[in-house]
Amino acid sequence: MSIINSEVKPFKATAYHHGKFVEVSEQSLKGKWSIVFFYPADFTFVCPTELGDLADHYDTFKSLGVEIYAVSTDTHFTHKAWHDASETIAKVRYPLVGDPTGRITRNFGVMIEEEGLALRGSFLINPEGIIKLCEVHDNGIGRDAKELLRKVQAAQYVAAHPGEVCPAKWTPGAETLEPSLDLVGKI
């Protein structure tokens, strides 16, 4: 069964955010667009490049009303230590969520059980707490914040314009499609 269009399952966790430890739950995701961004572990190789890329585009995500929650199976203490030790992670202004029990990681279906680590999973959740996008990568494949941003913009457009859909490579301002019987076979 697909996770798309399902509601985020209940969870509670502690995150490192703005120099403090804060509680995060499924309720934290409601009322705004959210990205839950899973990565395998702190103090690794591809992970800081991804989190740094998101940090570089964070203001654009925020301007769209999107909060990012980065999640690994590390603790919130480890997130603080990584934030303090790495110039790249020091740029991060979104919550770094600790999931040492793996509950959140399992809820989203990205746990590698034999390793106790998450796959690289990106999930976009609408303000009602419904998952609208799911992308999961092998851990050797890094993600691109610009492409995730484009997908957020498409999801927000579709939500605001019922009856329209965004074709491949759609960007804001480009033409959309209105599915109909007359359109079948003409694309």
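Predicted model: local features only at pLDDT ≥ 70, side-chain atom pairs only at ≥ 80, totals over all residues.
**Exercise 1. Determine how strand 1 pairs with strand 2 and with strand 5.**

Solution. Begin with strand 1 (residues 12-17) and strand 2 (residues 20-25), which pair in the antiparallel sense over six bridges. Within this pairing, His17 has Lys20 of strand 2 as its bridge partner. Two residues stand between the strands of this hairpin, and His18 takes a positive phi near 55°. Next, strand 1 pairs with strand 5 (residues 96-98), again in the antiparallel sense, over three bridges. Here Leu96 in strand 5 is the bridge partner of Tyr16.

**Exercise 2. Identify the buried face of helix 2 and the elements against which its buried residues pack.**

Solution. First, list the buried residues of helix 2 (residues 76-85): His76, His79, Trp82 and His83. Buried means under 20% relative accessible area, exposed means over 50%, and partly exposed lies in between (1.4 Å probe, protein chains only). Seen down the axis of helix 2, these residues fall within an arc of 115°, so they line one face of the helix. The arc is that of the directions from the helix axis to the C-beta atoms. The face turned away from the buried side carries the exposed residues Phe77 and Ala85. Finally, the buried residues pack against strand 1, strand 2, helix 1, strand 4, helix 3 (87-90) and strand 5; contact means heavy atoms within 4.5 Å.

**Exercise 3. Describe the largest nonpolar core and the elements that contribute to it.**

Solution. A nonpolar core is a set of buried Ala, Val, Leu, Ile, Met, Phe, Trp, Tyr and Cys residues joined through side-chain atoms within 4.5 Å. The largest one has 25 residues, of which Ile35, Leu51, Leu54, Phe61, Tyr94 and Leu96 touch the most other members. Strand 3 (33-38), helix 1 (46-63), strand 4 (66-72) and helix 5 (145-160) each give two or more residues to this core. Helix 1 supplies the largest share, six residues.

**Exercise 4. Locate the salt bridge of Arg143 with Glu50 and state whether these residues are buried or exposed.**

Solution. A salt bridge is a side-chain nitrogen of Lys or Arg within 4 Å of a carboxyl oxygen of Asp or Glu. By this rule, the count comes to 11 salt bridges. In the bridge between Arg143 and Glu50, the closest N and O atoms are 2.8 Å apart. Arg143 lies in the loop between strand 9 and helix 5 and Glu50 in helix 1, so the pair ties together parts that are 93 residues apart in sequence. Both Arg143 and Glu50 are buried.

Technical notes
Residues numbered from 1 in each chain as written. Heavy atoms only, no water. Helix = DSSP H or I, 4+ residues; strand = E, 2+ residues; numbered from the N terminus. Pairing = 2+ DSSP bridges.
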